[in-house]
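Please consult the sequence and the structure shown here.

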Amino acid sequence: NIICVKGVVVSSHDKSNLSASSEIDENAQLLISDILDGKTSILQWIEQNIQDGKLSIEKQYDMPDKNDYYLSKSELRELKFVPGALETIGSGWNSDEGREVAAKIIVMIRDIHVIFSSKENIDDRVLEVSLANLYKFLLTQSACVYGYDFVEMISQDDELYSTALRVGMFFMKRAVHKEPIKFGICTTWYYGSEEIDYLLFTLGLADDFSIYTTCSFEMKQKNDSVFKMAKLTDGYGRLNYLKGLDATNDEIKTWMIYHGYKCSLGCEFTAYICASRGDLLSHIKKGWNDDLYDCAGDIICGLIDDHKNKIFEYVGAKEVVELFIEESLKQNMNIDKFSKLCDIFYFIRDDWEEIGWSKETKGELIDQISNIAYNKNYDWEGLVKKNISNYKARNIAKALNIDIWNDLFNYAMQNDNFADWYSLVQTDNIDEFRMGCT
């Protein structure tokens, strides 16, 4: 019983009870139908779990291959990664390892090409074994290592590339594991169609595929498609699409400043991209509004928290911070707003020289924040103690030297879910330290 999927012949009879979560014996001679038949493909699973055009990160933890997710990096099996994070671990594209893996894949593609090119009837079993061998090999490799090298090498031969695309699209539609799908997406980098766009828009909702779908859209200069996916994703998906998104118009720039930087990974991952490409400074110079003030505060704090110190690369950083503090003097403060100012205070205090402020400017900026802290009739001690469970309130207490140790300890004793014990042991009082440790 033979079916044909986009030109790839596959036997449809059920030969195995293998599930997507069972490990595949690399030494066994399997047919591709042994691996795929009777199982829900990842494409189908995504289609079934889309809500409001999106695929939630919570859902992504339960994708069909969750137990086989680490076949390409078995040493990481005991660790649990946020969807999309595994793609950040590897030798990187354009490496010796990547070229070596790509060369092996091309050998297998060439074997499949010979079968497709046969003037005689296709030997179904030989084709199925060849597809299964490629599938099994891809399971043990990480596309983030070989992807770029493979595409560059295979694209030198139009006929081989056509075969790779044919196989790649089949894997995109039928695979029950992620790695063969990543390979499939790589094969689309130099070719587009309505069907490919549908596959990319659907599979690209999953953060694990986002880096590859971004590249596919970028190669074909489909910036609108990247923008569409950036708005539909979160986490590493949002981050990867932002990295590939050119801010070519005001709509994209405005979205970056008001929405794009918001990401479950944290603003520190997205702030630099959105501040620079979205042109935060120009938005501010056009005039403040309440939403812009809140978003600018988030972005500034994200720049400060960026572990790559991107704030020092952002050319508008000094002026943005100065204008933000100036506007803060006119704002009605609350815990959320003033906590951001506290983070900015620490940055000015510690990094004023590196970013290029003079000692006089540093003093003026700190005086403005101090004015908000002490001269605006805000009862910060009362607000902090009333909201002791709020980490932003505790941040304010630290900045203003408000002693909240007893209040926080009492709160911890009354709440089984309290987790910030680290704050309780940050004390010079030995008795308090011992109580926090017990």
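## Basis of the values

The model is predicted, so local features need pLDDT of at least 70 and side-chain atom pairs count only at pLDDT 80 or more, while totals for chains, interfaces and linings use all residues. Residues are numbered from 1 along each chain as its sequence is written, and side-chain values use heavy atoms, with hydrogens and water left out.

## Helices H18 and H19

Helices here are DSSP runs (H or I, at least four residues) numbered from the N terminus. H18 spans residues 335-355 and H19 residues 359-374; their axes lie 10 Å apart at an angle of about 155°. H18 is therefore roughly antiparallel to H19 (angles over 145 degrees, on a scale from 0 to 180 between N-to-C directions).

On the H18 side, the contact (heavy atoms within 4.5 Å) includes Phe338, Phe345 and Trp352, and on the H19 side Leu365, Ile366 and Ile369. By class, the residues of this contact comprise 11 nonpolar, no polar and 3 charged.

## Helices H4 and H6

The axes of H4 (residues 96-117) and H6 (residues 143-154) come within 8 Å and cross at roughly 55°.

## Aromatic side chains

Rings of Phe, Tyr and Trp (its six-membered ring) pair if their centres lie within 6.5 Å, and the count comes to 18 aromatic pairs. One aromatic cluster is formed by Tyr135, Phe150, Phe170, Phe171 and Phe183.

Lysine 228 is at 3.8 Å from the ring centre of phenylalanine 201, and lysine 310 is at 4.9 Å from that of tyrosine 272.

How values were computed: Helix = DSSP H or I, 4+ residues; strand = E, 2+ residues; numbered from the N terminus. Parallel < 35°, antiparallel > 145°, perpendicular 65-115°, else oblique. Nonpolar A, V, L, I, M, F, W, Y, C, P; charged D, E, K, R; others polar. Phe/Tyr/Trp six-rings, centres within 6.5 Å; stacked < 30°, edge-to-face > 60°. Lys NZ or Arg CZ within 6 Å of the ring centre and 35° of its normal.
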